[in-house]
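Colleague: I would like a close look at one part of this model. Please take the charged contacts and the interface together.

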Amino acid sequence: MIQKRVAAVAALALGCAAPPRTPADLPAARAALEEARRSPFAAEAREALLDASASLARAERDQRREPGSPEAFDSAYVALRDAERARVSGLYAAERAALAAQRAAVSRREQEIVERDARAREQARQLDAHRRAREARDAARREALARANTGGSIERDPAGTRLRISADAVFWPGSAVVRVDSYASLGAIAAALRAGPPCSVTIEVLDDAEGYGLDPRALAHRRKIRLVEALTARGVRADVFEPSTRRPPRGVELDIVITEQAIDGAPIAP
Amino acid sequence: MKRRALILGCSAALGGCAAASLDGAIPAAETAIARAAAGEGQAGEDLAASVYLALARRELAEAYARLAIGDEGAARGLARRARADADLAAALAAEIGARDAAKRTSDHADALGSELAKPPRVEAPEGAR
């Protein structure tokens, strides 16, 4: 009897001294699973969450059935890892979504680059075609000027195409009166100006020839006006004529300088 | 020495039979480890995934050792731990692989955005001045 009492007291004492252990992984697993469930991507990790829930349920059951047993510890360990896996699975779903979005962005931008390059190639092609057409028309204009039979010269200089003719071939000497026999040549020059690509025209007249009752600069000015009138009367638009410099460059006689408009400013169809 | 090897061999053979009876814990761990090892390349040099995979391998080896001496309870527990660690390693590897791929793709998208901001490089047509 005494022995039984001693044994009971000893058992009670031992029980108080060493309460059943709870695996540290168990509360950690509960917290990890709760975190995984709260993840914005929890819906994408449904299977892993189900696994983790089942593992945690088993760990709780094992701990209740045999607190602190090796099996309870194993189950808590597994529950914690499975909960962690569920959380990572949610992150994986998030990364997959980000990857899909970035792939779509790459695909969209590649397509944009392809389309942009195609547009640029088409613009370059149109510009080139435009340039070739202008070159052909310019060449045709030079030929037409050459056929104008002015007795002058045609030169290319930085300002453009320069048709240099003798003032006496167009005007009566010492006057601003246009010679009748130059009408055909003026008509041919006007036709060449009308037919060529867009251009501006500057007329430069030698200003050191004495006129009848006119000083050389006044004569040069009047000849310039008469020549513009003669060309506009033959169909050349008045707005193509540009004012000339105050003093004509060295070597000028009666120069018609044709300057093409900048090709790069040409309008291109979109 | 030969005697010890013989005992270990017999134990392993017995362990092989017992493995099937451990509620499939050992085959599950083996499968999980194989899957994690296959995905190890995705993680590159990620430490966490490698650590969990190494842990899983060690636990499985320990499970076999326990099985060899007839400690099925411990073997089962270790195999279950190995399975959980290997699955976590595989999940980490997949997540890191996806994150790296997303980062690379994002960088590529940024590079394309920069390319779009530049004027196009178009060769002049043949014969153009």
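How many salt bridges does the structure hold over all chains? Please go on from there to the interface of chain A and chain B.

Modeller: This is a predicted model, where local features need pLDDT of at least 70 and side-chain atom pairs count only at pLDDT 80 or more, while totals for chains, interfaces and linings use all residues. Residues are numbered from 1 along each chain as its sequence is written, chains are lettered from A and ligands numbered from 1 in the order in which they are written, and side-chain values use heavy atoms, with hydrogens and water left out.

Over all chains there are 32 salt bridges. The term means a side-chain nitrogen of Lys or Arg within 4 Å of a carboxyl oxygen of Asp or Glu. One of them joins A:Arg85 to A:Asp51, with 3.4 Å between the closest N and O atoms. That pair links distant parts of the chain, 34 residues apart. A:Arg85 belongs to helix 4 of chain A, and A:Asp51 to helix 3 (residues 46-65). Helices here are DSSP runs (H or I, at least four residues), numbered from the N terminus.

Now the interface. In chain A, 36 residues are in contact (heavy atoms within 4.5 Å) with 37 residues of chain B. The two chains bury about 3,100 Å² between them, 64% of it on carbon and sulfur atoms. Buried area is the accessible area (1.4 Å probe) that two parts lose on being put together, summed over both.

The rule finds 5 salt bridges across this interface. Helix 4 (residues 70-146) of chain A gives the most to the side that touches chain B, with 35 residues. The residues of that side divide into 13 nonpolar, 2 polar and 21 charged. Asp, Glu, Lys and Arg count as charged; Ala, Val, Leu, Ile, Met, Phe, Trp, Tyr, Cys and Pro as nonpolar; the others, Gly among them, as polar.

B:Arg81 pairs with A:Asp74 in a salt bridge, N to O at 2.7 Å. B:Arg81 also lies over the face of A:Tyr77, 4.2 Å from the ring centre. The charged end of A:Arg81 sits over the ring of A:Tyr77 too, 4.2 Å from its centre. The rule for this asks for NZ of Lys or CZ of Arg within 6 Å of the ring centre and within 35 degrees of the ring normal.

How values were computed
Helices (H or I, at least four residues) and strands (E, at least two) are DSSP runs, numbered from the N terminus.
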